[in-house]
Amino acid sequence: MSTVRGESSLSMETLTPRRIVEELDKYIVGQAAAKRAVAIALRNRYRRSRLGPELKDEVIPKNILMIGPTGVGKTEIARRLARLAAAPFVKVEATKFTEVGYVGRDVDSMVRDLLEAAVQMVRAERMSAVEGRAAAQARDRLLEILAPAPRREGQPPNPLEALFGGRGTPAPPPPAEATAELEERRASLRGRLEGGELDRETVEIEVEESASPMIEVFSGQGAEEMGINLQDLVGNLLPRRRKRRRMTVPEALRALTNEESQKLIDADEVMREGIRRAEQSGIIFIDELDKIAGHTGGAGPDVSREGVQRDILPILEGSTVTTKHGPVRTDHVLFIAAGAFHVAKPSDLIPELQGRLPIRVELQPLTEEDFVRILVEPENALTKQYTALLATEGVVVEFAVDGVREIAAIARQVNAETEDIGARRLHTILERLTEEISFAAPESAPHVVIDAAYVRGRLAGVLADRDLSRYIL
């Protein structure tokens, strides 16, 4: 039984389409059609996993095309779905592949990014599973540094023995009294360490250097991938560099625990599981797809746009991408594409690409009532975020009902008069609204009520000047 990470009460068996929509409703307002589509797509993955081997490989995911203006929840729906299913997720911009004429980022890089996310996810899970053992071993290493054993001098090898790897005469064992004294000292330090008495002390430890120089080579395989492969090659030929660092005892304990966790996990098994998850449960979100749609005119950027569509097509159809961890098949990766499609239309995409995005859902523009719900209903609502942030400074901020409605009305008005950026307008307005409170905290008044009068007073000057509101709100 696979339990969804972060949701101990949820598992793939209990995540029915209706339950998935209920979970998405906790964070995203409206857009029922899009939620239903992604919920069915996720549940179909679970249904496919229960099929026999003769039919399992024949069932391919039904990729989704979301159509709607910016700021209505397209990206958030995909991101929350991946988090709900504990699936590897990566978001890419289609425009990244058409930045300079025909030259853009290698389209295979989206699959490499997905695999990297999957490997990191599996590694984090494996390290979390051995955290207890790693922490115990890290404490032992730290105690050996804080209370080192006395150095014992043996007889050095003669030059001929040293040439052939001889080690000389081993040092005699320490006296029993010295060993008992050392163990007693370490036991005393262990008690102080676990009691937090050493948290302010500093210690010098030797740690591995994680960063190594990046080598980038342009080739048919892509600059990103070749650069990583050469970096790994050099890293395997040369020994890992270590350096001595002085840090506090808690920081040293974390660094040593991380090193011990890396030793306890099987790197090859992590890689294999990462590839399996990327292939079987990975989700790739391709944003701004409408920017590469358009009629081919024989010259100019349209040719490049169609070329990028044709490069993306094999990834969606199912192909094998070479990565530094091994080959990855994209046959069962779920692709969710999105775009505003204000100028271009979905029919402007090449027919083959349209066929690989069979499910199309249209997201509706947000209304004033939607803005009101976005401000108060989701578990991560903006009003809750600002209230919690300022509460850390001892300032109690209360959003009155009429204040919330006034914010929503202003957001709808500014979106109608300037560019419609959806719910992102609320971020701009709330930041402007709470600027004075945030700046004055914690010296400001301990209790602030944000009602309709307060909102109008803070934003009246900006709203009155239409030209100014275009730059500030």
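Because the model is predicted, local features need a pLDDT of at least 70 and side-chain atom pairs count only at pLDDT 80 or more, while totals for chains, interfaces and linings use all residues. Residues are numbered from 1 along each chain as its sequence is written, and side-chain values use heavy atoms, with hydrogens and water left out.

The protein contains 20 helices and 11 strands, where helices (H or I, at least four residues) and strands (E, at least two) are DSSP runs numbered from the N terminus. Of its 473 residues, 40% count as buried; buried means under 20% relative accessible area, exposed means over 50%, and partly exposed lies in between, with a 1.4 Å probe and protein chains only. The protein exposes about 26200 Å², of which carbon and sulfur atoms supply 52%, the areas coming from the Shrake-Rupley method with a 1.4 Å probe and, for residues, with only the protein chains shown counting as cover. When contacts (heavy atoms within 4.5 Å) are taken between residues at least 6 apart in sequence, 75% of them join residues at least 24 apart.

The confidence of the prediction is given by pLDDT, the predictor's confidence in each residue on a scale from 0 to 100. The average over the protein is 81, and 79% of the residues score at least 70. Over residues 1-9 the pLDDT is below 50, and this stretch has 21 contacts in the model beyond near neighbours in sequence. Residues 212-231 also have a pLDDT below 50, with 34 contacts in the model beyond near neighbours in sequence.

Two helix pairs come next. Two packed helices are described by the angle between their axes and the distance between the axes; here the axes are lines fitted to C-alpha atoms, for helices over the stretch in contact, and angles run from 0 to 180 degrees between N-to-C directions. Helix α2 (residues 32-49) and helix α4 (residues 74-85) have axes that come within 11 Å and cross at roughly 35°. This crossing of α2 and α4 is right-handed, a crossing being left-handed if the near helix is turned anticlockwise from the far one by less than a right angle, and right-handed if clockwise. In this pair, A34, K35, V38 and L42 of α2 meet I77, L81 and A85 of α4. The residues of this contact divide into six nonpolar, no polar and one charged, where Ala, Val, Leu, Ile, Met, Phe, Trp, Tyr, Cys and Pro count as nonpolar, Asp, Glu, Lys and Arg as charged, and the others, Gly among them, as polar.

Helix α14 (residues 368-376) and helix α15 (residues 382-391) pack at an angle of about 35°, with their axes 5 Å apart. I374, L375 and V376 in α14 meet L382, T383 and K384 in α15, and the residues of this contact divide into four nonpolar, one polar and one charged.

The backbone has some points that call for attention. Most residues other than glycine have a negative phi, and most peptide bonds are trans. A86, in the loop between α4 and β2 (89-93), has a positive phi of about 50° although it is not a glycine; A86 counts as buried because its relative accessible area is 15%. E288 has a positive phi of about 60°, again without being a glycine, and lies in the loop between β5 (283-287) and α12 (301-317). With a relative accessible area of 24%, E288 is partly exposed.

In strand β5 itself lies D287, which is buried at 11% relative accessibility. Leaving aside neighbours within four places in sequence, D287 is in contact with T75, K91, V92, E93, A94 and A338. The C-alpha atoms of D287 and T95 are 8.4 Å apart in space, although the two residues are 192 apart in sequence.

The loop between α18 (435-440) and β11 (447-450) holds A445, and P442 lies in this loop as well. The peptide bond from A441 to P442 is cis, with omega near 0°. A445 is partly exposed, at 41% relative accessibility, and its C-alpha atom is separated by 8.7 Å from that of V396, 49 residues away along the chain.

Finally, Q120 lies in helix α5 (residues 109-129) and is partly exposed, with a relative accessible area of 41%.
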